[in-house]
Amino acid sequence: MDDWVIEAKDLTKVYKMGEIEVHALRGLSVQIARGEIVSIMGPSGSGKSTLMNIIGCLDRPTGGEYFLDRERVSDLKDDQLASIRNQKVGFVFQTFNLLPRATALSNVELPMRYSGNKKNRKKRALSALEAVGLSDRVRHRPNELSGGQQQRVAIARALVNEPAIILADEPTGNLDTSSGDEIMELLLSLNQDHGTTLVIVTHDPEIASQTGRVIHILDGVVEEKA
Amino acid sequence: MNIGQSFIEALESVSSNKMRSGLTIIGIVIGVAAVIAIISLGRGAEGTIIGSIQGIGTNLIFVFRGGSEEVLNPKPLTLGDAAAMSDIFQAPSVAGVAPILQGDVKVSMGGESTNTRIVGVTPDYGMVRNSKMAEGEFINEEHVLGQASVVLLGTEVAQDLFDRKEGLVGETIRIDGRPFRVIGVLESKGGSSFGNEDDQVMVPLSTAQTRLLRRSPSDRVDTIIVQAFDSKAVPQASEEISFILRTRHRTDIGADDFSILTQQDFLDTAQTITGVLTIFLGGIAAISLLVGGIGIMNIMLVSVTERTREIGLRKALGARRIDILFQFLTESALLSMIGGIIGIGLGALISLTVGRIAAASDTPLTPSIGLDTVLLATLFSAAVGLFFGLYPANRASSLEPVEALRYE
């Protein structure tokens with residue numbers, strides 16, 4: 001049996017908007033192996049965001065099965081999903097989503113607050129910041145950091161609980177080209193150094209070309225390409 | 001979930017919006033301060049009133065004419081009634097009886113004149129009411145028998161007429177135009193529940209009856225003050241007095257045409273009145289605390305809306321419902337707790353200041369800020385914070401992470 005970190009079978013997702021039912025996913029299946037670097041591409045309305053939300057355990061599919069790190073998560077309760085997200089998923093957002101009042105260090109410590117792990121919090125946060133090259137910015141607040149640096153803090157935050165996957169949603173979307181390149185480089189190097197599975201959602205073919213595999217989504221299903 | 005951490009985070013969040021948090025806290029401060037001040041002043045007032053009632057003497061019984069409202073044509077109290085009460089065989093528990101007449105008169109001396117209260121008394125009055133003389137002698141049996149034109153002055157009246165309080169024995173003043181010789185000055189008693197006892201003059205009962213306060217029938221008196229042997233004998237003495245008066249007035253059963261008040265009755269009444277007033281005013285103050293609570297709710301709702309993305313992020317990072325709930329509850333509880341602490345201080349300050357002002361104007365009023373009051377206010381304000389924080393916090397905790405993250 002293959003070592004799938006992400007295994008989705010026949011996912012469907014239906015949103016009810018009043019009378020109208022919107023089918024965002026129509027029987028989508030996808031597998032991602034441990035240590036793989038995958039990008040997910042697709043036009044707006046293709047179901048890309050819905051898939052990302054389900055992969056990140058932020059949302060549940062209407063039908064089908066989803067296994068994350070071999071655990072069936074497609075029908076867990078809200079609080080169980082919260083703990084799965086905390087332990088197995090590291091999020092990197094387009095808009096960084098750092099807490100503006102907190103220092104880089106506190107931002108990185110945040111996921112550990114919800115994991116009940118009290119030991120070595122500071123030490124682990126510091127080593128995560130070191131891994132993204134921000135050891136000298138530990139006490140800075142987000143508004144004292146450049147966009148690239150903010151995204152590095154976000155990546156450190158994603159790393160700190162040693163998740164099974166890192167899920168990056170347009171990680172370079174709000175950055176200029178050179179900082180964008182640096183962030184991609186960092187993400188790719190994390191994969192090489194730690195073997196972290198990396199899933200990047202993007203519009204940008206340039207970014208997608210740097211990943212090992214591209215999954216194209218169209219109308220709620222995977223569009224196979226050679 | 002770490003309480004210390006949550007507390008620090010709440011503190012950061014509260015202090016990041018100082019103006020807004022400050023104004024919200026003021027709402028609670030006013031509410032708590034009002035509750036504390038009113039309750040402690042109410043207790044102080046109760047203490048003062050009870051003290052002055054107890055100052056009358058714990059073994060006194062007051063007998064008035066007229067019973068319940070249904071009793072028509074109540075017979076007046078007379079000297080005969082008083083005499084019957086002094087009979088050791090009919091009323092063995094009674095130690096002394098002092099029938100009195102009282103009214104308002106104009107007293108004058110030279111060009112000075114003042115309106116004051118006049119009390120017609122018998123020699124026993126001095127013993128029963130424990131009246132002490134600053135100088136001179138109390139009214140004696142001879143004065144009563146001879147309907148003497150003699151008068152005792154209260155210190156305030158003396159001050160008004162003579163501009164001094166001593167060396168007045170032998171002076172002559174006029175009461176309603178008639179000359180009266182001053183035979184003594186009463187020692188100052190201060191204000192009491194019977195009005196200012198320094199602002200009155202006393203004459204022999206017989207003199208009052210025949211010349212100053214004529215009543216019909218002529219042996220009628222206004223009030224009979226009875227002294228029981230001690231405070232334990234008061235109920236027994238009341239029984240004896242009731243029996244005597246029922247017999248003498250030939251009243252129907254259950255239709256007494258007189259009323260008997262003991263110090264306990266006064267105490268009960270005073271306590272009921274001050275208690276009701278304190279609860280009433282405290283209730284009004286509590287409403288302002290409620291308004292403060294609504295302020296907290298309002299600000300927390302704004303805060304939840306403003307921080308929707310933050311909530312989404314926290315949820316994405318693994319915060320459970322209860323984590324978010326706890327975070328926002330801590331914040332609202334912190335707001336109301338700060339308000340509560342400042343409010344207790346301010347309330348104590350207000351009541352102490354009012355106490356000082358009262359003391360400066362010769363009304364002893366010692367505010368009593370009990371530990372229970374403080375605890376009550378603290379608990380109440382914390383409860384207000386939790387109660388009004390619950391709705392916003394619940395709203396925050398039930399946000400869908402996907403929706404919240406997308407919120408602009």
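Reader: In β8(A), which residue is the bridge partner of A:Ala168?

Author: Here is the general idea: strands of a sheet pair through backbone hydrogen bonds, either parallel or antiparallel. In this predicted model, A:Ala168 has A:Ile200 of β8(A) as its bridge partner. Strands are DSSP runs of E of at least two residues, helices are runs of H or I of at least four residues, and both are numbered from the N terminus. Two strands pair if DSSP finds at least two bridges between them. Strand β7 (residues 165–169) of chain A and β8(A) have five bridges and pair in the parallel sense.

Reader: How does the chain cross from β7(A) to β8(A)?

Author: The path goes through helix α6 (residues 177–194) of chain A, and this β-α-β crossover is right-handed: with the strands pointing away from the viewer, the path from the first strand over the helix to the second runs clockwise.

Reader: A word on numbering and confidence, please?

Author: Residues are numbered from 1 along each chain as its sequence is written, while chains are lettered from A and ligands numbered from 1 in the order in which they are written. In this predicted model, local features need pLDDT of at least 70 and side-chain atom pairs count only at pLDDT 80 or more, whereas totals for chains, interfaces and linings use all residues.

Reader: Which residues of β8(A) point one way, and which the other way?

Author: In a regular strand the side chains alternate between the two faces of the sheet. Here A:Thr197, A:Val199 and A:Val201 point one way from β8(A), with A:Leu198 and A:Ile200 pointing the other way. All of them are buried (20 or more other C-beta atoms lie within 10 Å of the residue's own, with C-beta atoms placed from the backbone).

Reader: Which strand joins β8(A) through four bridges?

Author: That is strand β3 (residues 37–41) of chain A, which runs parallel to β8(A). A:Ser39 has A:Ile200 as its bridge partner there.

Reader: In what order do the six strands form the sheet?

Author: The open sheet of chain A reads β6-β7-β8-β3-β9-β10, with mixed pairing. Its edge strands, β6 (89–92) and β10 (221–223) of chain A, each pair on one side only. β6(A) runs parallel to β7(A), and four bridges join them; A:Phe91 has A:Leu167 of β7(A) as its bridge partner.

Reader: How many residues does each chain bring to the contact?

Author: Chain B brings 17 residues and chain A 18 residues, where contact puts C-beta atoms, placed from the backbone, within 7 Å. On the side of chain B that touches chain A, the largest share, five residues, comes from α10(B).

How values were computed. Buried ≥ 20, exposed ≤ 12 C-beta atoms within 10 Å, placed from the backbone. Contact = placed C-beta atoms within 7 Å.
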